[in-house]
Amino acid sequence: MKVAVVGATGLVGTKMLQVLKERDFPVTTLIPVASEKSVGKEIEFCGKKYKVVLPEEAIAMKPDLALFSAGGSTSLKYAPLFAGAGCVVVDNSSAWRMDPTKKLVVPEVNAHVLTEDDKIIANPNCSTIQMVVVLKPLHDKYKIKRVVVSTYQSVTGTGVKAVQQLKNEREGKKGEMAYAYPIDMNLIPHIDVFLENGYTKEEMKMVNETKKIMGDDTIQVTSTTVRVPVMGGHSESVNVEFENEFDLEEVRNILEHAPGVVVVDDVANLKYPMPLYAQDRDEVFVGRIRRDFSIPKALNMWIVADNLRKGAATNAVQIAEILLKKNFLKSPSHDVANAL
Ligand code: A2P
């Protein structure tokens, strides 16, 4: 496969390269793509060096697959051009997620919606991905009525500039600010832009994307998203109200067998998920599983995952793996191999 990574010099793009390599994705040629300022820079991948190019040059090289993580406007402009050149795009920005003609996919939840005709596939928001991986098996069993979620999101979700801001503040250095306020020794209850309804766009992503991925508009979601001075890993306090009664032991058992989920829930031995320990892992960790005594049929959980991996790069590569497995990703080299 000729694989383009658009945003290859960014935090998620770098992680995408790492995940492609780790998972042995069949990359024959890598096309690293970034902005003008990075053109010509060399990126090493599987022992070979590749020069960073602009999106236009990448399109001319006719990639089979493009993983995008270079912001919404880059995706809006270039994803259709890549797709038009015969390439399948998996896009990590929010540009296409709520477009009714585009699929929004978390492989553990709704891989079945993918078809051969999907040429631009959206990778969901990081906080939504880790939540739905845990919610889906519970929804299948007990039917979810309502979810109340509060997030504790790492600075890596904002990008390179935010990581630098936190480092600068810790070292007492002045520098460019990614946020309107200091982030070290602070929390910022504001992720993405504010909307007219008083919520942030990040909060509404969690509301709308959850319904779309789970394929159920009746699930009510309300969200508060908060940036915290953590380097890697998003955490979430999630309260779920079910339609049907549940048994706590059965909930644990369901989650222990759920794909992509690891239960870390042994409070007697101080075992619960934490972002520091979720770093560099592809699974979603869940713990503090307990009944909400304030209303019937409700559950509290604490969900943690590496936002750059399952929340972004790993999920995108997993989508590509499914396309490959279902034979929806056709490369010229494949055709030759099949013809022989
Ligand atoms: P560059 O490093 O050349 O600016 P992050 O979100 O971690 O800051 O990364 C954003 C990524 O998106 C970077 O790789 C950045 O490249 C890339 N990018 C930003 N704007 C464009 C653009 N117009 N065309 C291609 N890549 C872009």
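Helix H5 (residues 126–142) and helix H10 (residues 309–325) cross at roughly 85°, and their axes come within 8 Å. H5 is therefore roughly perpendicular to H10. This model is predicted. H5 contributes Cys126, Ile129 and Val133 to the contact, and H10 contributes Lys310, Gly311 and Asn315. By class, the residues of this contact are three nonpolar, two polar and one charged.

**The sheet**

Six strands make up an open sheet with mixed pairing. Their order is E10-E9-E11-E14-E13-E12. The edges are strand E10 (220–224) and strand E12 (261–263), each of which pairs on one side only. From one strand to the next, the twist averages 25°.

Val261 has Val284 of E13 as its bridge partner.

Two helices pack on this sheet. Helix H7 touches strand E9 (144–152), E10 and strand E11 (234–242). Helix H8 touches E12, E13 and strand E14 (298–305). The table lists the direction of each helix against one of the strands.

| Helix | Residues | Reference strand | Angle between directions |
|---|---|---|---|
| H7 | 201–214 | E10 | about 150° |
| H8 | 248–256 | E13 | about 175° |

**Lys136 in H5**

H5 also carries Lys136. Is Lys136 buried or exposed? Lys136 counts as buried because its relative accessible area is 19%, and the cut-off for buried is under 20%. Beyond its neighbours within four places in sequence, Lys136 contacts Val109 and Met214. Met214 lies in H7, the helix of residues 201–214.

**Asp91 in E6**

Asp91 sits in strand E6 (residues 88–91). Its relative accessible area is 0%, so Asp91 is buried. Which residues does Asp91 touch, not counting those up to four places away in sequence? They are Phe68, Ser75, Trp96, Ile121, Ala122 and Asn123. The side chain of Asp91 also makes a polar contact of 2.8 Å with the side chain of Ser93. Leu104 is 13 residues from Asp91 in sequence, and their C-alpha atoms are 9.6 Å apart.

Note on methods
Residues numbered from 1 in each chain as written. Predicted model: local features only at pLDDT ≥ 70, side-chain atom pairs only at ≥ 80, totals over all residues. Heavy atoms only, no water. Axes fitted to C-alpha atoms, helices over the stretch in contact; angles between N-to-C directions. Helix = DSSP H or I, 4+ residues; strand = E, 2+ residues; numbered from the N terminus. Parallel < 35°, antiparallel > 145°, perpendicular 65-115°, else oblique. Contact = heavy atoms within 4.5 Å. Nonpolar A, V, L, I, M, F, W, Y, C, P; charged D, E, K, R; others polar. Buried < 20%, exposed > 50% of the residue type's maximum accessible area, 1.4 Å probe, protein only. Polar contact = N/O pair within 3.5 Å; in protein donor to acceptor, adjacent residues only side chain to side chain. Pairing = 2+ DSSP bridges.
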